[in-house]
Amino acid sequence: MAAAAGPQRSQGSLSFRYTCEEPDSEVYAGGGNVDGRLGFYGYFVTSLIIILACSALSIGLWSEMACGAQCLKYVPQFRLYAGGTSMIGVVILLGLYLSDFFCPPHLPGQFLCLWSGDRCVGRGLLVIALGSFFAFSIIMGARIPTVPIMVSMFWSPACILLLRWLVKPESAVEPANVAAEGAEEKPDSFDELHRKMRELRRLTGGEVDQRNFYMAVGRAYALCGLVCSVVFAAWAFESTTDFEAEMDQKERELLYIRWGVPLGIAVANFMFGLLMWLRVILHKTYTGTDEVKARLIVEATSRKMSQDILRYRIHAAASTASRTSTSTDSGDDMEAKAEAYLAQQCASVQRLSNIIKLFNATTLVILAALLVSFQFASRESHLALFVHAFIGILALMFIVSTMISFSRLWWRLGTWLHDLPLWKSCIEATKMSWARALAAMLALPFIPVVLVLSSFNQFIRRRRGLSSGGPELLTARVRDTIADVRSWTWIPIVLWCYVWGVVLVLYKAMPILLNVFLAWMGVAMEGFNFILLMVVTFAAGFFLFMLPPVP
């Protein structure tokens, strides 16, 4: 196949444009499977089964369509196990933290492992901890009946994330393979070219796998949302639920919630499907910002690499016809193509900024909707609590899914934040005495806990042989923080602590003093006429409204 394709395309197109746009290019021959582990149909069927199972289980357990009322009445029987389940989760998470499980400093670049090569022990304990918290949330239904309903409605995203973690292809390029900036170029041997082409093939194949996954999951969510909507509409049309029966207000609200659980699950599925489709729509823009891929392609357009690619194609095709029929581009043409690709890379970075703006705008809209719902809904109502939790969990899932699907976006966002003048001004503000005083007052109650955890963490590191074995009782991070705090100028910081203390007292005492002032004001204005009473009331109200301590 490579021999037949050779006469039709020049070497330059294979090493540059065709390489970028076509993952099945023969330049990548021998690089590995481009379709990932499951492929589009495998991801679609698997995710569809998971989402349908989670949706059906949630509807069956908590909906009025099935046995929602019976399940909510059955939950209080496990109230005695609430403390034990929560304690198991807290102890396991604390042990994992003290054992440097989440971000081990002795294993740079690795996460969620207790030692090198750990794939089951630490993560198995983490699964047990999460399971205990999940059981605790279900048992909490004895006091807050909407909690198990909300938790179960969002099972499917967690299962989809677990599926992605299990089948995600390995990283295409190892960190050691990325050339350091300023390093001198060395002549590329044929083996080096073969390695780079294999890396580029794997990276491009990983991009195809990502697109297949998000497209399949998006369609599965949309299909499940449609199924839930149709089932709910058919059931609601034939439902004989009596909303006018004799019951108190809270029972009536729970009846409404159970009746609308299928509709809520359908809305959640549609929302998650939209998030997946957002990733699919922006896939080309997002993959165009991969700096590792850009480096490999630009290297492939160098004069020395152009000759090696020709040899690589000849070797991959094992044909003498390709040796005589394939032409090469001039070095000037190859450099022009490299410059064009770098310009394309800059444009992709600019489009990535648009992704960030879209993400920020959507997040602000969701958070604004959450704030408005909190302001206008009663907090004593089960229905209001259900709406608050539903919007809040949607916002949280949006942020988490965006962090996972646009991981490079977050790294780029962090880099750009450090360059923004506003961010630099905020950093400078944290060095002011008033900011340090406020931070010291807020952190003071937690300092003993941090010191105890740091000492236990350092003790465990010594026992595992991960510490230098010195006399230090605390970890290096805590020691550096203490050294930095000790270098502060504490006299103005202490004065500002008194100021912040007075401000806090004023905020607590102002409502009481305001009531006393308004009572005196009502007595003092008893003899005023109506016009004067209106003027004084407006002036007093406007003045008090402008005072920050007045609630």
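**Exercise 1.** Find where Leu-112 lies, and work out whether Leu-112 is buried, exposed or partly exposed.

*Solution.* Start with the place: Leu-112 sits in the loop between H6 and H7. Helices here are DSSP runs (H or I, at least four residues), numbered from the N terminus. Next, the backbone: phi of Leu-112 is near 55°, a positive value in a residue other than glycine. Last, the surface: the relative accessible area of Leu-112 is 29%, so Leu-112 is partly exposed (buried is under 20%, exposed over 50%, partly exposed in between, with a 1.4 Å probe and protein chains only).

A word on the model: it is predicted, so local features need pLDDT of at least 70 and side-chain atom pairs count only at pLDDT 80 or more, while totals for chains, interfaces and linings use all residues. Residues are numbered from 1 along each chain as its sequence is written, and side-chain values use heavy atoms, leaving out hydrogens and water.

**Exercise 2.** Describe the largest nonpolar core and the contacts of Met-153.

*Solution.* A nonpolar core joins buried Ala, Val, Leu, Ile, Met, Phe, Trp, Tyr and Cys residues through side-chain atoms within 4.5 Å. The largest has 44 residues, and Met-153 is among those with the most contacts inside it. H11 gives the most to this core, 10 residues. Now set aside neighbours within four places in sequence: Met-153 is in contact (heavy atoms within 4.5 Å) with Ser-58, Val-261, Gly-264, Ile-265, Phe-386 and Phe-390.

Technical notes
Helix = DSSP H or I, 4+ residues; strand = E, 2+ residues; numbered from the N terminus.
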